[in-house]
Amino acid sequence: DMSILTRTITVSPWQVALESYRGRPTVVLDAGRHKRPRRAQHEYVDMRRQSGVLAVQEIPTADALTVKVSVAHTWHVGDAVAFAERSAEPWAEVYLAIQVALRDALTGLTAEQVVALPRIELGSRVRAAVAGVATDVGIIVDEVVVKDVVLPAEIRSAAAEVAVGRHPPHLGAHVDGRAVEALHHEPAVA
């Protein structure tokens, strides 16, 4: 990096530079060219929006089934100093908070209730639940999107059989009839 040999640094429009110098509080340098104090250290923080996907979460339901939920998210750094100084892995803390908030939002619900819950509402609940953790480490979670809620294979195949009018004799032995019945009914349209 040639800026080490020069007396200036250049900060790009999508980032800030954090300047630390002889134990003084960190200074945030916005986009542009800045004088470089001798022995100052600089750390660059990308301020652009970023997105990602959580690993598929397997969440137990109140009726002893397991649903698989996939979640995408967008976020950006809101406080560069907190992002750089409060946690060695700020995004890891938010990632964990999203996982826990998702589980908390679905705890106590049956598979039927999970499937019926509007995904937009669920994403908003999770986003609101992680806001405090995210802010503490300098992150703003812009959006949490619940992409898919997948029922166990035996429920999906039973629902498909119900949909085409086949009712195998073993259905009651392996599948909670209420969950299959719920999948068969269409929600009312107002």
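Trainee: Which side chain does the side chain of Thr61 make a polar contact with?
Mentor: The side chain of Asp63, at 2.4 Å. A polar contact is a pair of N or O atoms within 3.5 Å; within protein, one must be able to donate a hydrogen and the other to accept it, and residues adjacent in sequence count only if both atoms are side-chain atoms. This is a predicted model, where local features need pLDDT of at least 70 and side-chain atom pairs count only at pLDDT 80 or more, while totals for chains, interfaces and linings use all residues. Residues are numbered from 1 along each chain as its sequence is written, and side-chain values use heavy atoms, with hydrogens and water left out.

Trainee: Is Thr61 buried or exposed?
Mentor: Thr61 is buried, because its relative accessible area is 9%; buried means under 20%, exposed over 50%, partly exposed in between (1.4 Å probe, protein chains only).

Trainee: Switching topic, how many salt bridges are there?
Mentor: Four. A salt bridge is a side-chain nitrogen of Lys or Arg within 4 Å of a carboxyl oxygen of Asp or Glu. One of them joins Asp136 to Arg86, with the closest N and O atoms 3.8 Å apart. That pair links distant parts of the chain, 50 residues apart: Asp136 sits in helix H4 (residues 119-136), Arg86 in the loop between helix H1 (80-85) and helix H2 (90-106). Helices (H or I, at least four residues) and strands (E, at least two) are DSSP runs, numbered from the N terminus.

Trainee: What does Arg125 pair with?
Mentor: Glu121, at 2.6 Å between the closest N and O atoms. Both lie in helix H4, four residues apart, about one turn of the helix.
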